[in-house]
Amino acid sequence: MLHGRLIKLSTFLNMSRRHLSASPSPRAAKRTKIEHLTKEDFKNGLFLAPMVRSGALPTRLFALKHGATLVWGPEIVDKAILHGTRNVDPTTGVISYDGKSRAIFSTHPIEKPYLIYQIGSSDPELAVQAAKTVMQDVSGIDLNCGCPKPFSTHAGMGAALLTNPDLLCSILTALREAMPPEITVSAKIRLLQTQEETLKLVERIVNTGVSALTVHCRTRNMRDRDAAMIERLREIKEFVDGMGRGIAVIENGDCVGYEDAKRVKEVTGADSVMIARAAESNPSCFSQTPLVDVSETLMPDYLRLSKYLGNHWALTKFCVSQFKGAHVKTTKRIENDVRGQVVSSKGYEHLGAVIGESTGEEVFQEIVKAIEARPTRGRVQVEESEGETVTPPNTQNPERPTLNAPMISDFQRLMPAMITGQDPLTPTPSMIFS
């Protein structure tokens, strides 16, 4: 009997050895875990709209800190970014695409999982070149098809694309074909004069393979003072749903904050809501409790952060000059006094009375903490490694499992986080309005 048991044990050990091999070389170093947006990330959210000047890096970071699900960068014309030089600040980590006199576009890795880069273009080839230039630093590419300003429309970009659907769709198709699958492609349009025309355009856009469609609920000739026609969006949303592509429809126009977004969603049926002017006035509007007394709670920290990140002074001055909010402990006079000091200053060095001796790093670290503390959202996570991945020396290297593999013990069933993809420290957008 003992002899038989020894034979069985010997057989088991031999089987085990056949499923083990020596390690040829050390394991290559792991890269940082990469997070990819999906169509679902454009749903149940509250987004920062693309805004020239006002959509600067400090504004986007404050928006993320206070609850924005995703943030759009300002429209950048395709040719402009192609002439920029990518530089990384070794101290702050800020990534700048620099022109001759100032940065054309700036970002930071902490916002990459939530950042959509908006392109102004009227040429499929240039749009693709621009997207490839920045795709390592963003999570999605958005085509501006709604800006009515002359600087955009004179070259056939922005709202001019609404009257040239063939060109509009050819740009989106080119972007989708050229971008890797982990980079989303989306579009932002305005309403056309009739609902029938709008639905025809929407159908063509959805068929290009976009992940999301934002509709600014005004026509090309309407201005901000004109009330957005949000009631027209419900039919568009139902139409897109009927196409069965799972595309998110995002409302833009006249939403003033977190609570108001609930009203907008109820009226329109939109998957998500995008905020522009209210965020320009107070980037904490995405929060259930937006900042009040902004001359004390927002302006100083915004200036400190901008100084730390090296944000161009003229850009910072413009953004701060737009801030306003409710007064609880302060007064409108105090707010105007602080704003006046900023507007009359020629640089950060002249604002000691407002920002003190702070370098701004502590403000940045508070934002980093807030972003990293976001609850998990269902996103695709891919972990890459450089070179061949093998087991370190002096450890067992299991062969690939097969249907004939021997049963493993409960201990062997415990899978590390590297395999399960569960990493509580990885920042992911918060889900709101669900």
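Visitor: What does buried mean here?
Guide: A residue's relative accessible area is computed with a 1.4 Å probe on protein chains only, and over 50% counts as exposed, with partly exposed lying between the two limits. The remaining class, buried, means under 20%.

Visitor: What kind of model is this, and how are its residues numbered?
Guide: Residues are numbered from 1 along each chain as its sequence is written, and side-chain values use heavy atoms, with hydrogens and water left out. Local features need pLDDT of at least 70 and side-chain atom pairs count only at pLDDT 80 or more, while totals for chains, interfaces and linings use all residues, since this is a model of the kind called predicted.

Visitor: How many of the six residues of strand E10 are buried?
Guide: Strands (E, at least two residues) and helices (H or I, at least four) are DSSP runs numbered from the N terminus, and E10 covers residues 140–145. On one side Gly-140, Asp-142 and Asn-144 are buried, and on the other Ile-141, Leu-143 and Cys-145 are buried too. Strand E10 is therefore largely enclosed by the rest of the structure, the count of buried residues being six of the six.

Visitor: Which residue of E10 is the bridge partner of Ile-119?
Guide: Strands pair if DSSP finds at least two bridges between them, and E9 (residues 115–120) is joined to E10 by four bridges, the two running parallel. Within E10, the partner of Ile-119 is Leu-143.

Visitor: What is the handedness of the crossover from E9 to E10?
Guide: With the strands pointing away from the viewer, a clockwise path from the first strand over the helix to the second counts as right-handed. Here the chain passes from E9 through helix H4 (residues 124–134) to E10, and this β-α-β crossover is right-handed.

Visitor: Which residue in E11 stands opposite Gly-140?
Guide: E10 and strand E11 (residues 184–191) pair in the parallel sense over six bridges. Opposite Gly-140 stands Thr-184.

Visitor: Is Asp-293 buried or exposed?
Guide: Asp-293 lies in the loop between helix H10 (277–281) and helix H11 (294–297), and its phi is near 50 degrees, a positive value in a residue other than glycine. Most residues other than glycine have a negative phi. With a relative accessibility of 5%, Asp-293 counts as buried.

Visitor: What is the relative accessible area of Asp-254?
Guide: Asp-254 sits in the loop between strand E13 (248–252) and H9, and has a positive phi near 70 degrees. This residue is partly exposed, with a relative accessible area of 29%.
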